[in-house]
Amino acid sequence: MIRIVDYGVGNIQAFMTMFKRLGIDATRARSADELEGATRLVLPGVGAFDHAMNLLNQSGMRPRLEEMVLERQVPVIGICVGMQMLASGSDEGEIAGLNWVPGRVKALASHPLSKDLPMPHMGWNDIRIKPGQKLFADFEPDPRFYFLHSYYFDALDKQDVSATAEYGHDFDCIVSRGNIHGVQCHPEKSHHFGAQLLKNFAVL
Amino acid sequence: MLRPRIIPCLLVHKGGLVKTQRFGSPKYVGDPINAVKIFNEKESDELMVLDIDATVNKVEPNYALIAKLAAECRMPLCYGGGVTTAEQASRIIDLGVEKVSVSSAAVADPALLSRMAEAIGRQSVVAVLDVRKKGGLFGKGYELSTHNSKTSHKVDPAAFAQQLQAAGAGEIVINSIDRDGEMKGYDIELAKQMRAAVKVPLTILGGAGSLDHVSELLGACGVIGAAAGSLFVFKGQYRAVLINYPTHKQKDDLCRAALRAHDKA
């Protein structure tokens, strides 16, 4: 059973619709007790980093989440700002992140090769995947995903990076460290490319 | 590489989908949910749905309809129509919509965009500007309009778009009133002016009648959004209703050729 962490931010409904269509059992969790029984966790997020972190911290779910993810090793996928929250912190805000995957969130425009490009980075972009990852099983050639963001997760340990995308410069767009995964793009809105990724996550 | 976005734009009027010409004579083209289902199957890049009644009738956005659209839509969805507050925008995002657009409310109060950006993030804030060529014998340049082209504003659209971008817009959509439903091509001159003026992602709407018109726009402006209504709901010169959208291959070929032309220019 997949539980989508509903702490007040993000497009929960889009995930519910997508999982339902894939025939995968998923419900939303609004409290620590509702997280229990999850065999997979989805951590969504949109908007500003501090806003999302504040709401998660106030949700009463964080201690249980940390126990499930860090001790019981339940697979988790952070999506968009949910991926950014895996970092130690963000240049967009002041509040500390979850610090589950070593790295920091930076502005795309802070890079000299990207600073003159339109921001946010909006639209369909190709991703370059590291071969052999279960998350990318049965991917067709030239996978593309929908992006909508101005900040990105810069992984400290590049071993954790499983895909990159190019917008002025190459940036980390998917990370995997043990049971913890993060994707910057929106698999729930990326047609069959995204459906395949979520399907793979469900059977990791 | 980031690809240009090719975006069907659907207009909601009295609960059904319509297509207008020069913002008038709405023609019924079908049911909104059914259209979303077809664009899901065709895997369109994004979808834009504008309720053209809400602002004119001074009513709140139709949340029940938005919830249904969002639940059905498997591509990024931009909704516009009747939004006047950041709270309304938040509520729409919570229903599962990626982007919320405002037009007349932003013209009346550009600070609305700052409040929306605060609430839902700049990446989800879209400003739609309805633009037309100035009329009269000595008319030169463009002017801004709201309320389905009934109200004119004496401001320069490019300068105003910059103001909205500074206020918090994450995307600017330029809708050409003169080209709406004409299917004779985009206003390329207007598109180029706006591309030069704004730094956020830009989408041009109004005039596309064929994929060649989309190529022409991308060739002139590079990676931008090309939105269209008639092109994706009508087939042939008699405007028979037939929802259509290019295949991935058609789109890839079109974009590759157009961007090559753009790089050469």
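The expected span of a helix is 1.5 Å times one less than its number of residues, and helices (H or I, at least four residues) and strands (E, at least two) are DSSP runs numbered from the N terminus. This is a predicted model, in which local features need pLDDT of at least 70, side-chain atom pairs count only at pLDDT 80 or more, and totals for chains, interfaces and linings use all residues. Residues are numbered from 1 along each chain as its sequence is written, and chains are lettered from A and ligands numbered from 1 in the order in which they are written.

**View 1. Let's check helix α6 of chain A (residues 191-202).** Its twelve residues should span 16 Å at 1.5 Å a residue, which agrees with the 17 Å between its end C-alpha atoms. Buried residues (20 or more other C-beta atoms within 10 Å of their own, C-beta atoms being placed from the backbone) of α6(A) include A:H191, A:L198 and A:F201.

**View 2. Here is an open sheet of nine strands in chain A.** Its order is β2-β1-β3-β4-β12-β11-β10-β7-β8, with mixed pairing (two strands pair if DSSP finds at least two bridges between them). β2 (26-29) and β8 of chain A stand at the edges with a single partner strand each, so one side of each lacks a neighbour in the sheet.

**View 3. Now meet the contact between chains A and B.** Each of the two chains, A and B, brings 24 residues (contact means C-beta atoms, placed from the backbone, within 7 Å). On the side of chain A that touches chain B, β7(A) gives the most, with six residues.

Methods
Buried ≥ 20, exposed ≤ 12 C-beta atoms within 10 Å, placed from the backbone.
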